[in-house]
Amino acid sequence: MKIRLLAMLFGAALAGALPVEAHHGWGYYDTARPIYLSGRVTSVSWRNPHPEVTVENEAGALPSTWDALPVPEELAELGFDATLRRVQPAAPAERWTLDLAPINRLEAWGMPREPKAGDVITAIAFPSCSEEGVARPALIVLDGVGVRQQSVALPAGCSGDPRG
């Protein structure tokens with residue numbers, strides 16, 4: 001009986017020691033500095049906890065119609081209009097890896113399909129506080145469909161606070 005209990009405790013301890021991927025909340029992104037980017041997808045890693053899409057930014061400026069993006073109502077309720085007023089274009093020809101919301105949320109929020117290399121994605125995103133070329137979008141647009149990526153109020157700037 002003692003051996004069985006010790007074996008179970010040892011197994012539980014080993015399970016806790018396995019490596020896990022970091023889960024970064026909104027506080028790990030500069031929410032005071034929203035950027036606009038649009039370009040072709042160069043790679044996709046479609047897995048949880050966060051799918052990643054790498055985009056070669058082709059936009060060097062805000063297009064004349066940038067403020068006509070399809071913004072879901074849920075984002076408007078979170079004050080997304082204030083984010084839009086602060087948006088600056090990301091530099092052209094930069095590659096950005098976008099940390100998306102979990103797959104089940106993307107599906108629930110109307111993601112039309114899994115992106116693939118060659119697709120064009122537009123995003124309003126927040127750059128990482130610590131990693132060059134990494135951002136977390138509040139909104140992505142694929143196939144003309146605006147998909148929110150934000151479901152909570154954002155902490156200010158690079159707070160390091162996990163999301164709610």
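Me: Before we start, how are helices and strands defined here?
Reply: Both are DSSP runs, numbered from the N terminus: helices are H or I with at least four residues, strands are E with at least two. This is a predicted model, so local features need pLDDT of at least 70, side-chain atom pairs count only at pLDDT 80 or more, and totals for chains, interfaces and linings use all residues. Residues are numbered from 1 along each chain as its sequence is written, and side-chain values use heavy atoms, with hydrogens and water left out.

Me: Where does R85 sit?
Reply: R85 is in helix α3, residues 80–86.

Me: Buried or exposed?
Reply: R85 is exposed, at 63% relative accessible area. The cut-offs: buried is under 20%, exposed is over 50%, partly exposed is in between (1.4 Å probe, protein chains only).

Me: Zoom out. How many helices and strands?
Reply: The protein has 4 helices and 7 strands. Along the sequence the pattern reads α-β-β-α-α-β-β-α-β-β-β.

Me: What share of the residues is buried?
Reply: 42% of the 164 residues count as buried.

Me: Next, Q149. Where is it, and is it buried or exposed?
Reply: Q149 is in the segment after β7. Q149 counts as buried, because its relative accessibility is 2%.

Me: Which residues does Q149 touch?
Reply: Leaving out residues up to four places away in sequence, Q149 touches W26, L100, A101, L106, W109, P137, A138, L139 and I140.

Me: What does its side chain do with A101?
Reply: A polar atom of the Q149 side chain lies 3.0 Å from the backbone nitrogen of A101.

Me: Which polar contact does T97 make?
Reply: The side chains of T97 and T54 are joined by one of 3.2 Å. A polar contact is a pair of N or O atoms within 3.5 Å; within protein, one must be able to donate a hydrogen and the other to accept it, and residues adjacent in sequence count only if both atoms are side-chain atoms. T97 is in strand β4, residues 95–99. Beyond four places in sequence, T97 contacts E52, V53, T54, G133, V134 and A135.

Me: What about A59?
Reply: A59 is in the loop between β2 and α2 (73–77). A59 is buried, at 12% relative accessible area. G39 is 20 residues away in sequence and 6.9 Å away in space, C-alpha to C-alpha.

Me: What is phi at D143?
Reply: Phi of D143 is near 55°, a positive value in a residue other than glycine. Most residues other than glycine have a negative phi, and most peptide bonds are trans. D143 is in the loop between β6 (134–142) and β7 (145–148). D143 counts as partly exposed, because its relative accessibility is 48%.

Technical notes: Contact = heavy atoms within 4.5 Å.
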